[in-house]
Amino acid sequence: MSRLEAKKPPLFISEPLTKDTFSQSLSLLSGILKSCYGPAGRLKQLHNGAGGYVCTTSQSSAIFGHLSVSHPILRVLTASVQNHVSRFSDCGLFTAILCCGLIENLRSLNIASCTIIKISKHLLSLCMDYLKSEACGCRIPVDFSSVEALLCLVRSVLTSKPACMLNKQEVDHLTVLILKAFMFTVPSHVETNAVLGKCIVVPVKGKRVVDSTVLPGLLIETPEIPSAKPLIVKRSCSNVIKIALFCVSMSGDLFSPEEGTITVHHGISLEKSELNQLLNVGNQLVNDEVGLVICQKVIHPSLKQYLKENHIIAVDRAGLSLMEPLSQMTGSKPIASIHFLSPSCYGSLKDVRIESFASKHFVHLIPTDAVVCSLLLCNRNETAWDELK
Amino acid sequence: LPMAFRDVNARRHIGLQQLSSLALAGRTLLGPMKSCKFIVDESTNQSTLICSAVRLIESLDLTGAAGQLLNETIQAQNKEFNTGMSTLLFLIGAWSNAVLECLQQNVPVSAIVSVMSEGLNSCCERVQCLQISIHDVNKEICSCSVKPNAFKSITCQIGCNSLLNPQIFLYVQKDISAPEEVIPRNSHSHQEDDSKFNERLLSPLAGFGERASLVKPTGEKSTPMISGSGGITSSCNKQKLTHSRYFSTLGRSHFSSQQSNFQGYLSGSSADLCECCGLEHLAMALSHGNQTGVKLLQSIVAYQREKAECSSSSQFNIAEIVTCCLLGLPESFSCVSPGFVTLVSPEQATVIKYFEDKLLRILLMDGDLTEQYRHLGFNRPCNVRTVLEHPSLLEGRAGDLWLSSMLDILRSFEVNLVLVKGNVCENLMERCIANSILVIGSVTRDVLCAFGEVTSAQSVTYLTQLNASCVGSGAQVGLWKACDGRAMDLGELVPVSIKVEGIPLLTAVLTTTVASKMQLIEDQFWTSAYRLHHALSDKKVFRGGGAVELLCLSHIQMLAEKPLQPENKNAVKEFHNPWLTASVTEYKSVVLRALASGWKQYLSVVMFNTAKAASELEARTSIDHHLKKAAECGSPSAYILKEFRKGNLFRAGSGAFADYGEDVKVYDNLAAKTEAWRRALDLVLLVLQTDAEIITGPQRNQLLNSHISSEFMFL
């Protein structure tokens with residue numbers, strides 16, 4: 001029989017904010033954050049000390065992502081800042097610095113905490129009211145009919161990140177690209193509830209920043225399809241390309257590994273029967289005049305061969321992140337089973353092309369009306385690229 | 001408490017110091033005459049021979065943050081260009097030192113960052129006047145090799161350059177004022193009269209004038225910071241600038257037509273003659289003394305051109321080259337052999353006897369050829385149990401079943417040759433040899449694709465997929481024979497060559513008797529090949545041998561010495577954040593000098609390494625001498641070009657080129673060089689801007705116990 005270790009008696013700490021260890025940690029944290037702030041802010045190298053990847057950054061999201069803070073109060077603080085960043089993706093550093101500063105300063109006032117809370121809540125509401133009122137001088141109406149203000153906005157965000165290592169020309173180039181990408185995502189026919197489209201960032205590392213571009217439609221990386229030959233796509237009657245989108249694995253392995261054992265008689269191959277099912281699906285795709293098959297996961301080589309022989313382009317390993325924009329762009333419903341195939345799931349595309357950037361080959365899917373675009377983002381090295389993203 | 005925090009930003013920045021000491025190791029790898037290094041592992045006493053910055057960094061144990069970033073930077077350069085890594089490494093070290101000196105003098109970080117990056121940008125623009133298009137290089141090189149008097153073609157070159165590139169205008173003016181250089185030019189352009197010609201030379205300035213005025217419409221004088229062209233600032237040129245305004249209103253419409261006229265005329269004169277040998281010479285000029293590599297490359301170029309004449313594909317295709325390393329033959333046996341050359345075991349080689357002079361049926365496989373292999377993304381089921389109802393003799397021979405069924409498939413399609421991307425099952429290999437089927441494993445994708453294209457074979461993943469249309473035909477296999485006509489038997493492995501009629505694939509067979517040199521020779525070959533590849537894709541090259549760096553030096557010197565004028569301050573304001581302006585201008589000259597010191601060190605080390613100077617000090621003196629003369633001359637680029645043409649300046653690669661006479665030109669890659677500069681500066685500035693190192697992970701106790709624990713704070 002094993003002995004159970006007696007639990008340590010609970011330890012109560014009153015007035016945790018006044019403890020020395022806390023105030024040291026807090027001032028250290030706020031020191032780290034303060035030195036990151038602004039376009040001339042200093043960078044931090046984050047690594048595990050054992051030869052792991054080094055992240056050089058001044059971004060709050062990256063810093064908080066790597067930091068593991070042990071003090072419970074600091075943990076509350078970082079967690080709330082992280083939530084703020086994930087909601088607005090901006091002003092993380094500002095929030096954190098403000099928090100640290102408020103705690104530090106209010107603690108030195110020596111006033112009962114409930115009074116402080118009351119007063120600061122009141123002050124906050126006053127501030128908010130003023131900022132929302134028309135009398136506020138800080139507010140600038142954003143004129144969406146001209147690009148000037150928007151360009152300025154994007155540029156100011158880009159220049160505040162020194163770790164990107166951009167020069168002026170590169171900043172200008174990226175600013176225009178980002179704005180262009182934003183414009184692509186604005187739908188041209190505005191309905192009652194306008195929804196912005198998606199912009200997919202395609203990483204191209206090791207190239208110059210000025211080589212970045214924006215393309216309407218989606219890019220899927222395909223190492224297999226050679227770019228030399230022009231692509232011949234089967235088109236259906238109305239001159240659009242029929243597309244089938246699978247979000248289930250078509251690699252021919254068995255259904256999900258669940259508990260329990262399957263007993264099979266010798267001589268029966270589950271693999272073979274699964275492959276036959278896949279080939280049946282392939283047969284149906286051929287009959288339905290599908291021109292392009294995209295699978296989120298892997299397609300079995302035999303099925304690929306079969307599709308190719310029937311002049312259907314097969315693209316696999318598209319990845320989960322592309323599935324939603326793909327179905328949004330093509331109007332197709334992702335097919336989640338290789339046993340039931342309904343023709344209503346198919347979507348359509350205007351054109352498919354092969355593009356190559358920096359030794360990578362992509363299939364470029366061009367939709368009939370684009371609310372989805374791809375931003376090919378290049379940077380010289382990984383560190384700078386991560387920061388740029 | 002798994003987080004430590006170290007303040008790295010004392011006056012002596014630790015990260016920069018790490019960079020500079022790491023880079024110090026690569027000093028002798030710079031320039032055309034590299035000295036190899038042994039890297040010894042003390043624990044195993046094994047050593048490797050290295051001769052490039054990539055291999056150096058690869059074999060060092062880099063645990064620090066700065067070291068990691070250095071490694072990442074060098075790998076990125078290697079991946080994109082395959083050249084320029086030694087330059088990169090050296091400049092990282094030199095600039096780290098320079099920046100450390102700036103910090104000593106209390107220059108603020110923001111000033112260092114903005115001035116240095118602007119300085120580098122300005123230099124990159126300035127050196128554009130030293131770039132030559134590939135077309136002109138061909139002409140230049142060929143006229144040199146055809147007739148020893150290269151004078152005409154070079155002056156011709158100048159004219160052409162000036163039209164292509166407005167910034168070079170000033171020195172053209174200079175050349176024209178010297179009578180003996182005008183004469184050959186006129187003899188070239190005999191149909192034109194003098195005045196018309198001058199107008200042409202001025203017309204590119206029209207474009208320039210407009211550009212300058214665009215930047216600053218009210219100022220009379222454009223500053224070099226804005227225009228990126230330093231030669232325009234002296235007072236005599238001011239007049240010419242106003243001249244150009246005149247032309248810009250008058251002669252704008254003529255400009256484009258004249259330019260095309262002129263170029264057409266130039267290209268018509270000698271282009272046909274040159275195309276034939278241009279690439280070979282270009283390869284040599286870019287290789288900076290790597291002789292074996294160049295010879296191989298030249299025969300590759302010759303071979304590919306021959307093919308191109310039939311098919312009209314591009315001139316030099318790097319994707320159609322593979323290398324095969326043969327250990328045990330003298331280096332003079334290196335050669336280029338059409339098709340695919342690879343090493344096989346003696347047992348496999350016995351099969352080849354049956355294949356002589358036969359056309360074989362070929363099968364390509366893009367995975368492993370083993371029973372267990374499944375394609376990527378296939379998850380093996382873990383909860384399937386097979387039961388056997390009637391135990392029979394087949395039991396325990398499942399593997400044999402697979403072997404014989406695979407062999408049956410191969411035999412039924414009459415396959416003779418199988419190229420496999422991955423591994424091959426030993427037993428199957430044996431069975432195949434017994435059935436005289438040659439199976440070769442570990443073949444790269446590119447090779448498979450090349451064979452697929454000419455034999456119309458389609459690669460498969462499983463043999464069960466095989467159908468008649470997948471099998472290609474027409475391959476020929478034979479023992480590879482060295483240039484003396486003998487087949488090789490190098491003990492354990494036998495080189496065989498696989499050919500198909502019309503395959504574009506070429507194998508560079510690299511031979512050496514010294515095992516440790518093998519890697520080195522292969523690296524050097526690929527470096528030369530990629531230099532040629534990038535030169536052709538850039539369509540331009542730099543004049544090499546230090547010309548570019550020297551021009552940068554003189555340009556920076558000029559920027560640094562320029563007194564600050566009011567307009568100039570405005571110019572600065574446009575580029576930087578307004579609140580930085582004051583500090584930036586204050587420290588400008590200090591920081592620019594630091595930037596220049598990087599290039600100066602680079603040149604002096606190259607000169608020292610190539611034994612052009614007895615010591616680095618002597619090299620420095622000679623550089624300073626040239627800089628002074630260039631500054632006195634008024635137009636540094638003209639001076640540098642002139643001196644380089646005469647061969648008076650330090651010329652790289654003299655030893656290696658002794659056989660070819662002194663007339664050999666040296667060129668550098670354009671993008672690779674400037675990108676290496678930029679990457680080097682980026683890394684240094686990135687590390688400079690870092691003020692803290694945050695270590696996450698569970699090593700708290702280790703850090704607490706180590707001798708540097710006092711430097712850390714814990715959160």
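Chain B exposes about 31,200 Å², of which carbon and sulfur atoms supply 52%, the accessible areas coming from the Shrake-Rupley method with a 1.4 Å probe, and with only the protein chains shown counting as cover where residues are concerned. The model is a predicted one, in which local features need pLDDT of at least 70 and side-chain atom pairs count only at pLDDT 80 or more, whereas totals for chains, interfaces and linings use all residues. Residues are numbered from 1 along each chain as its sequence is written, chains are lettered from A and ligands numbered from 1 in the order in which they are written, and side-chain values use heavy atoms, with hydrogens and water left out.

**The two chains**

- Chain B contains 26 helices and 18 strands, while chain A contains 11 helices and 13 strands; helices (H or I, at least four residues) and strands (E, at least two) are DSSP runs numbered from the N terminus.
- Of the 715 residues in chain B, 54% are buried, and of the 389 residues of chain A, 42% count as buried, where buried means under 20% relative accessible area, exposed over 50%, and partly exposed in between (1.4 Å probe, protein chains only).
- Among contacts with a separation of 6 or more, residues 24 or more positions apart account for 78% in chain B and for 68% in chain A, a contact being heavy atoms within 4.5 Å.
- Chain A exposes about 21,600 Å², and carbon and sulfur atoms supply 60% of that area.
- Chain A is divided into domain 1 (19–108), domain 2 (147–217) and domain 3 (219–252 + 273–369), with bounds that come from an automatic or database domain assignment.
- The centres of domain 1 and domain 3 of chain A, taken over C-alpha atoms, are separated by 45 Å.

- Leaving aside neighbours within four places in sequence, B:Trp95 is in contact with residues including B:Met116, B:Leu120, B:Trp599, B:Trp677 and B:Val684.
- B:Cys129 sits in the loop between helix H5 (109–126) and strand E4 (131–133) of chain B, and is buried, with a relative accessible area of 3%.
- The C-alpha atoms of B:Cys129 and B:Ser637 are separated by 7.7 Å, although these residues are 508 residues apart along the chain.

**Strand pairing within chain B and between the chains**

- Strand E17 (residues 690–696) of chain B has 7 of its 7 residues buried, so this strand is largely enclosed by the rest of the structure.
- Strand E1 (residues 43–47) of chain A runs parallel to E17(B), to which 5 bridges join it, and in this pairing A:His47 has B:Ile695 as its bridge partner; two strands pair if DSSP finds at least two bridges between them.
- Strand E8 (residues 360–365) of chain B is mostly covered, with 5 of its 6 residues buried.
- E8(B) is joined by 3 bridges to strand E12 (residues 472–479) of chain B, and the two run antiparallel, with B:Ser473 in E12(B) as the bridge partner of B:Arg361.
- E8(B) also pairs with strand E10 (residues 417–420) of chain B in the parallel sense over 4 bridges, and here B:Val418 is the bridge partner of B:Leu363.

- In chain A, 4 strands form an open sheet in the order E9-E8-E6-E10, with mixed pairing.
- The edge strands are E9 and strand E10 (347–349) of chain A, each of which pairs on one side only.
- From one strand to the next the twist averages 25 degrees, where axes are lines fitted to C-alpha atoms, for helices over the stretch in contact, and angles run from 0 to 180 degrees between N-to-C directions.
- E8(A) and E9(A) pair in the parallel sense over 3 bridges, with A:Ala314 in E9(A) as the bridge partner of A:Val293.
- Helix H10 (residues 320–330) of chain A lies across strand E6 (241–246), E8 and E10 of chain A, running at about 150 degrees to E6(A).
- In helix H9 (residues 301–309) of chain A, the buried residues are A:Pro301, A:Ser302, A:Leu303, A:Lys304, A:Gln305 and A:Leu307, and the buried residues of H9(A) pack against helix H8 (270–287), strand E8 (292–295) and strand E9 (313–315) of chain A.
- H9(A) is followed by A:His311, whose phi is positive, near 60 degrees.
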